[in-house]
Amino acid sequence: MVNVVDQNVNQVVESRNGFELPLLLFAGFRAIIDEVHAELARQGHPDARPAHGFALQAIGMAGTNASEMGRRLGVSKQAAGKTVDRLEALGYAERVDDPADARRKLIRLTPRGVDLLARSAVEFDRVHARWGAALGEDGLRELQADLRRMVPPEAFRLDAAGWFG
């Protein structure tokens, strides 16, 4: 009986069925994100988390309100508000009076939030260049083109952070 179980387990592991592709894609995603965030920590942003990047992108340079931020992230207004609370505590965002509607607050990036986004853009470019050097520029360009072709447009959303919590 032990041999049958071992044989069945090994068949699943050795067969390299379709499950390997999403695992490799996720591992690549994690490798990039972890590398970028380790460098951001060294550059003065030790508390920045991947979800913060999604939230800062949802706020944008023009700012937004909690309802719109929640819609952009695919979360409730209340969940967006809690995220803003955390971003405020870290100094990445602030709430100010909305000049268009005195009943609402506008959420906007602070200089620290803009700095985090600018540094993360530089770091993502650095990782991209390193991948290009390792895979060859043509290989990386083909990989990205293939992924663009296979990923449906509606799958590219900011609410990806919701997958992890």
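1. Asn65 counts as buried because its relative accessibility is 14%, where buried means under 20% relative accessible area with a 1.4 Å probe and protein chains only. This is a predicted model, in which local features need pLDDT of at least 70 and side-chain atom pairs count only at pLDDT 80 or more, while totals for chains, interfaces and linings use all residues. Residues are numbered from 1 along each chain as its sequence is written, and side-chain values use heavy atoms, with hydrogens and water left out.

2. Asn65 sits in the loop between α3 (50-59) and α4 (66-73), helices here being DSSP runs of H or I with at least four residues and strands runs of E with at least two, numbered from the N terminus. Leaving aside neighbours within four places in sequence, Asn65 is in contact with Arg104, Lys105 and Ile107, contact meaning heavy atoms within 4.5 Å.

3. The axes of α3 and α5, lines fitted to C-alpha atoms over the stretch in contact, with angles running from 0 to 180 degrees between N-to-C directions, come within 11 Å and cross at roughly 100 degrees. The two helices are therefore roughly perpendicular, a term covering 65 to 115 degrees. Their contact is made by His52, Ala55, Leu56 and Ile59 of α3 and Thr83, Arg86, Leu87 and Leu90 of α5.

Technical notes
Buried < 20%, exposed > 50% of the residue type's maximum accessible area, 1.4 Å probe, protein only. Parallel < 35°, antiparallel > 145°, perpendicular 65-115°, else oblique.
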